[in-house]
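Hi,

Here is the structure I promised to pass on. My notes on the aromatic rings and a surface patch follow below.

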Amino acid sequence: MASPAADRPAADYPAAEPVPEPGERARPWDIRARLSSMLDGRIDAAERFLDAHPFERGLWLVVAFAAGIVLWVALPSRSDWIAALLALGAIAILALLAINAEKRPHLRLAVAGLAIMVAAGEVTIWTRSALVGQPGIARPQVSGLSGEVLERREEPAKARARLVLRVMLDGLADPVRVRVNLPYDKDPGDVAEGARIVLRARLMPPAAPMLPGAYDFARRAWFDGLAATGTVLGDVREWSEDQIVIPRFAACRSRWPSMSAHG
């Protein structure tokens, strides 16, 4: 018995698509056109997304600013920072020139704005580093210090106070900030903020991270303006004019008596 489909006329069936010749398959320009069409679709989807979420655009600018700070920290040298700024500026200019302002206005402003905010974050942290950054001392040293107490913080659990001082250090032209630990058994009791004191301390350069990704105290000290950290040795005395200690002249002053004896 013949099936019902066999009784239908041949005109009711669609004609089979012609098989392309071998030379007509996968032409490079067809692939490029197809990829271009897919890319245009994705770009249009991004434009529609930005148009539908007007309030979230500002949040992405904040993220871009933070990314600029992270970029400055991650790049190792000044030349890399400059290259990144040039690349970000080129991206912003190309976005403004190449993206159609009438067809895709939101995407045009988004790409340019993100590039500008990343650059702004990098410039901001670079400027802060140049203004407040303080190089640490080159090596450990034991020095006599005289200066002003800028900050005192109690640490009773460790039986000590932590002092931030403004002092002169050998090899540095300007006064710097150092942080020293003052044990309670060496504290005369009148060392408060604003006091002028004379002491002897063992100073260390700010410690770099011991493991990759660990806490980087050297970076924190750079931005806090600390040139060294250490511990007080011996007694702490109140500062008087004849007790001022200038490290670069300390060695010469110790030789003055012997020189006068030869005179």
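**Aromatic rings and a nonpolar patch**

W81 counts as buried, at 13% relative accessibility (buried is under 20% relative accessible area, exposed over 50%, partly exposed in between, with a 1.4 Å probe and protein chains only). Before you dig in: this is a predicted model, where local features need pLDDT of at least 70, side-chain atom pairs count only at pLDDT 80 or more, and totals for chains, interfaces and linings use all residues. Residues are numbered from 1 along each chain as its sequence is written, and side-chain values use heavy atoms, leaving out hydrogens and water.

Searching the whole structure turns up three aromatic pairs (Phe, Tyr or Trp rings, the six-membered one for Trp, with centres within 6.5 Å; planes under 30 degrees apart are stacked, over 60 edge-to-face, the rest tilted). W81 and W126 have ring centres 5.1 Å apart and planes at 70°, so they pair edge-to-face. Since W81 sits in helix 4 (residues 78–98) and W126 in helix 5 (residues 105–132), the pair ties together parts 45 residues apart in sequence. Helices here are DSSP runs of H or I, at least four residues, numbered from the N terminus. W126 is buried too, at 17% relative accessible area. One aromatic cluster is formed by W72, W81, W126 and F223.

Now the surface: W60, L61, V63 and L114 make a nonpolar patch of about 360 Å² (residues with over 30% relative accessible area and no salt bridge, nonpolar side chains joined within 5 Å; a salt bridge is a Lys or Arg side-chain nitrogen within 4 Å of an Asp or Glu carboxyl oxygen). Helix 3 (residues 57–74) gives the most to that patch, three residues. L61 is in helix 3 and counts as partly exposed at 31% relative accessibility.

Cheers

Terms used:
Helix = DSSP H or I, 4+ residues; strand = E, 2+ residues; numbered from the N terminus. Patch = residues over 30% accessible without salt bridge, like charges linked within 9 Å, V, L, I, M, F, W, Y side chains within 5 Å. Areas by Shrake-Rupley, 256 points an atom, 1.4 Å probe, with all protein chains shown as cover.
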